[in-house]
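Please look over the sequence and the model shown here before turning to the report. The text is meant to be read alongside both.

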Amino acid sequence: MALIPGLSRRQFIQSIGAGLGTVGLMGMLAEQSAAASVAPAVHRVGPMFPPRAKHNIFLFLPGGPSQVDMFDPKPSLAKYAGQRPNSVNLRTERTTGGLYPSPFKFQKYGKNGVDVSELLPNLASIIDDICVVKSMYTFNPTHTPARALFHSGNIAATRPSMGSWISYGLGTENQNLPGFVVLGPGGGGGPGLRSGFLPARYQGTPIDDSQTRPQSMIRNLRNTQLDPAAQRRQLDLVQALNRGHERAFGRDEYLEGRIQAMETAYHMQFEAMDAFDVSSEPQAVREAYGSSPFANGCLLARRLVERGVRTVHVYYGPGQPWDDHSKINNNLRNRCPDMDKASAALITDLKQRGLLDETAVVWGGEFGRTPVSESGDGRDHNPYGFTMFMAGGGFKGGISYGQTDEFGFKAVENPVSIHDLHATLLYVLGIDHEKLTYRYAGRDFRLTDVYGQVMHDLLT
Amino acid sequence: MMRWALLLSLVLVMASAARAADSIDGNTLFEQHIRPVLVERCYECHSAQAKKLKGKLHLDSKQGIAQGGADGKILVQGQPEKSRLIEALKWTDPDLQMPPKQQLSAEQIHWFEEWIKLGAPDPREGSTSAVPASAPKRGMDLETGRKWWAFQPVKEIAPPDVKDSAWASRKSDQFVLAKLEEAGLKPSPKADRRTLIRRAYLDLTGLRPSYEQVEAFAKDDSPNAYEKLIDQLLASQHYGERWGRYWLDVARYGEDNPTSEATNPPYPFAWRYRDWVIKAMNDDVPYDRFVKLQLAADEMPGTSRQDLVALGFLGAGPVYHKDARNSKDVITTLYCDDWDERIDTVTRGFLGLTVACARCHDHKFDPITSKDYYALQGVFASVCQVPRPMAEVDPQTETRFMAAEQRLFYLSYAANLLRGEPGSKPKEARQKVERLAGEMDQIMEDMSFLKSQHSDMYAQLQQLARRPQPYPQRPTTQPVQPIADVQPAPRRGRPNANAGAGAGANAFGNRRRRGRGGSTAPFFEAVFDAGTYIDGSDQDFTMVNIRPGEARNMPVLPGGNPARPGEISPRRFIAVLSRDDSTFHEGSGRRELGERIFTDAAPLAARVIVNRVWAWHFGKPIVATQSDFGVQGDKPTHPQLLDDLSARFIAHDWSLKWLHKEIMLSAACQQASNPRDDAMRADPTNELIWRMNPRRLDAEAFRDCILQASGALDTTMFGISMDLDQPGNNRRTVYARIGRGRLNNYLQLFDFPEATMHSPGREVTTTPLQQLFVMNSAFMEDQASNLAEVVEKVPQGDRIAMMYRKVFGRDPGPSEVKLGADYLAGGGTLAQYAQALLSSNEVQFWP
């Protein structure tokens, strides 16, 4: 392995800066660049225009939450219950039956009267901070591809996730913590944190939020044998050896870079122990969020953005709990309370700390569910029309945007595709989605590929 | 790689997703009032038919309108007053008046405003006209393309004159020196002997020499000592472990699939392909044959059964999960993605060409057409991935067996899926399950003749033929009413929907029996010629059928959209590289594809592999974009050197060992790697090779060298893979299990490439998370303890020196002894000291 194999010097310079602990290296390279008067068109790390948000948090509900039971009331479902009008003959993953009414009562909340069902009382109470989009749509009715679409804008397994793109575009603010953290029971994984063809350092760091001890969440975070002072002494020895070695060899990017990375790692042990320790929160705060893994995840998300982490994803897991092919009504009654409580607590907490303005929060699943039943008391996957919501970070509060058809099956008014969502999220972070590109296999790739429109209507 | 074709096609085929925007009124409005005006008044300048496209604006597709033109977006959905399109139509801006010659009528403009208010619904399907297959080519035509440098024949070139006649030791050095002299630079002095032997060991075996080996070499002043060393290392069995692993990056070797769901479970026999690669490297199988075997060993006469294992290159290629409940077009698109991966890996990997860029349209830069792409797609649409038996078996029986494997696998998947999740038509589902299970029984009966002579094969079929759970005794007599208030009987045996990674994960109820850990049953991952056909005749359930021996010619899919096939592109080789009619006639055409790569395209194939091998030795390629020798790629820094070496490589029968020796014996490769101020200023990236590039050990060599230093390295070769995190796994890293869905944490941390795609070369990162591993992991602590245990056996005064010999293969200097003594005297244990040494830069550095 050379220091820069397969990468041109330009790409290498382009690629540093967003990762962890490349500061020393970056400084040196910048210096050398100047000395050699190499002036490549570098990939600029940082916003392209004044951003509305510095951080983003995704609350991801795997499986596909049901829009007609939460945000998108459809009286026609009751009126035509059990029937199957032609307009609901859309092909989903499985064979479906007739229209299936929602048993949940809706009310209008906030200054503009946004519909929210009785399942979500906490979110309803802060609806004026929330931008509900009822007209989301995506392109595949099966979980895995739909989730890949949701996270990376594409089904192909080679594509980077949006969190990786954001790290690549913006870098991180805290060199002692990963720039992109994925919280989920068991540690998350899959396309959500994939760096694909982007350099590996942009990959999301999976953290198991069903654990509450930081050393159980992050691999190799603690040294089990040495106390900090003894470890410092050991590290001093390593660095003395390294300095001697570098004197003998001569100045070298890698040698210097690794000396720096060792120091960063040493400090990271303590910084991360603090950042990931939810038990240090006051009891009142912990109670506001609740005690489920998802609640821990939401609370950790706040602690992390507070410390400069760019992107945090919180998975409601494990598995795909929101995939209610049967017994959906009971399931929602059981599952919504802690989700509702923790999601609302996060938004409230961010707001109270003055962080909501600079943090874009996005809530949703890889698709929604059908208004028609599956197996009598369930709902199938529905990519044609579903609800997501955003809060903070330049999104308007207290509005409802777009409409689905009479039955809540497909988006018909102001439809917002998954690419539009990506374009808009990048926009609030100060990135033009058409300009954030990476050269791979012969062409320049984007998160939004050839699609995506910034949805200015959603923004303040 | 125009993978977005997939997306686009899904948009189109999923009937309504793409049209989610459109109410019926909107569409009607568009058809009656918008489209006719666009056609009549705008297309002349703003469409694919335009003689000269104006303002980079396409109005002849939904895409084009959404994208806007050179000055950006032209409309804001729902807001005509903010849309530049309306501004242009209204002629309010004197600089923006469209159409320029005559304004539209007020009524026509009104309709455009109404249309935008509705969100600009646009029912037009098809690829964006910005990139239609029929668009005027922006890439090269064939004639020009044939003149591209990388396609020219390679021939030996007379070396240039150089002033310093003493430096060069191989022919390649003269090309290097001529460029250095031109730039006024001198090469670096020869590396000292201790550096040279360490470099050579790591380079050719991925392991370090022992202290004794270093010292013996340092003292050996015979003139051919270095050459002897290289010969000895090339003959070492460890050579194949090192260089086989390099190849596995090119071949994106992995043992499962990105999602590993019901239809794309892990490959339990993939490790045999890895072992085959190691053996082939050690045997110095000529590179052309090495590649041809991986494409078509089964179709090359006289090939041994052992060499058929090479087919794992295709047999364990990554595939996507195809949930059979999706429509025919969705399933077809997923197959197209699988085939796309093969085209990409074969063309970038072997030819340095980005042919996959031509999936939706002709290549925008290189002389590669969509027809070329689909001609190759036909090859991969005509093969089926199934395990083959290790034992010799007559061809007819083997073909029947393989066809049965595929069929049983699919029937079993389908039956279990419908049994577990019957959906809203349980009665129909039950009938289908019974039919599918019946066919499984029939196949098992037909294949029962295997029991006596080939019991392993019969067992393999039995394992695939998983019968769905029997239905309860009591037959369902109630009519099925998929209506809300009718509670269906609880479905027994339905797997927990939350347990799996994806919906399909549950469908193949016994997927876990195949396990993730691999199998030693006598089979290997492979392919055989059988056309793949997708049968969408059942609206609810899409079947996949194969036809053994039948090859498919595929249609060009403009925009990559399988719902709108274009003309058939018969299987053949890439036109610009073909010397004559290259149509494939034998089966899928795999063998002919391999032949053409090494006849018609031999110069390109040779340049590509010579460049890769050069890069693996020097840490820096001659052509920086190792898998793109096209227009968008970089030009060679030393074109004559590359051509000459490639020509001689071919002349030496494509022998990689010859190539290694030629490179390793060069003066350029024996230079010291220390920085020099003058040269750093003149050529900071070492483009001219004024020094050897200092490198860093990759994930494999780093771990192997730590194990070697601690004395724990298990050098057993070959066999089933083990997870790196498995306690007591002290084998070389090349034998680690490689996951495509979840890569081992250590490998991921140290820049191992994702095995889902061809890797043109690894990037190298230096991150704090790597250092946390080095400082705190159980692996490092264990190896430090192992090392301390060994060193503790020698007298106290010798321990530091002993430790240095084990870790660095050298003696410590006085200041290093003092550092160590001070550390130990201050309370540090020998194990902690060992870990400090193992953590230091000198271990990972490869000067």
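## Basis of the description

This is a predicted model, in which local features need pLDDT of at least 70 and side-chain atom pairs count only at pLDDT 80 or more, while totals for chains, interfaces and linings use all residues. Residues are numbered from 1 along each chain as its sequence is written, and chains are lettered from A and ligands numbered from 1 in the order in which they are written.

## Chain A in outline

Chain A contains 14 helices and 17 strands, where helices (H or I, at least four residues) and strands (E, at least two) are DSSP runs numbered from the N terminus. Of its 460 residues, 65% count as buried; a residue is buried if 20 or more other C-beta atoms lie within 10 Å of its own, exposed if 12 or fewer, and partly exposed in between, with C-beta atoms placed from the backbone. Among the contacts of chain A between residues at least 6 apart in sequence, 76% join residues at least 24 apart, a contact being a pair of residues whose C-beta atoms, placed from the backbone, lie within 7 Å.

## Enclosed strands of chain A

Strand β1 (residues 55-60) of chain A has six of its six residues buried and is mostly covered. A:His55, A:Ile57 and A:Leu59 point one way from β1(A), whereas A:Asn56, A:Phe58 and A:Phe60 point the other way. In a regular strand, side chains alternate between the two faces of the sheet. Pairing, which requires that DSSP finds at least two bridges between two strands, links β1(A) to β8(A) in parallel through six bridges, with A:Trp363 as the bridge partner of A:Leu59. Five bridges also join β1(A), again in parallel, to strand β7 (residues 311-315) of chain A, where A:His313 is the bridge partner of A:Phe58.

Strand β11 (residues 386-391) of chain A is largely enclosed by the rest of the structure, because six of its six residues are buried. β11(A) pairs in the antiparallel sense with strand β4 (residues 130-137) of chain A over five bridges, and with strand β8 (residues 359-364) of chain A over three bridges. Within β11(A), A:Phe389 is the bridge partner of A:Val132, and A:Trp363 also stands opposite A:Phe389.

## Chain B: dimensions and domains

Chain B comprises 35 helices and seven strands, and 57% of its 847 residues count as buried. Its C-alpha trace spans about 95 × 80 × 60 Å along the principal axes. Residues 24 or more positions apart account for 68% of the contacts in chain B with a separation of 6 or more.

The domain assignment gives domain 1 (23-117), domain 2 (319-475 + 502-596) and domain 3 (775-846) of chain B, with bounds that come from an automatic or database domain assignment. The centres of domain 1 and domain 2 of chain B, taken over C-alpha atoms, are separated by 45 Å.

## A sheet and a helix in chain B

An open sheet of three strands in chain B has the order β1-β2-β3, with antiparallel pairing. β1 (383-389) and β3 (543-548) of chain B stand at the edges with a single partner strand each, so one side of each is left without a neighbour in the sheet. The twist averages 50 degrees from one strand to the next, where axes are lines fitted to C-alpha atoms, for helices over the stretch in contact, and angles run from 0 to 180 degrees between N-to-C directions. Seven bridges join β1(B) to strand β2 (residues 523-535) of chain B, and B:Arg388 stands opposite B:Phe524 in β2(B).

Helix α32 (residues 799-808) of chain B has eight of its ten residues buried, so it is largely enclosed by the rest of the structure. The buried residues include B:Ile800, B:Met803 and B:Phe808, and among the elements that cover the buried residues of α32(B) are α31 (778-792) and α33 (814-825) of chain B. Just after α32(B), B:Gly809 takes a positive phi of about 70 degrees.

## Nonpolar cores

The largest nonpolar core has 334 residues, and those with the most contacts inside it include A:Cys131, A:Val361, B:Val355 and B:Ala414; such a core is a set of buried Ala, Val, Leu, Ile, Met, Phe, Trp, Tyr and Cys residues joined through C-beta atoms within 7 Å. Its largest share, 13 residues, comes from helix α18 (residues 395-420) of chain B. Another core, of 16 residues, lies apart from it and has B:Leu85 and B:Phe112 among its residues.

Key. Contact = placed C-beta atoms within 7 Å.
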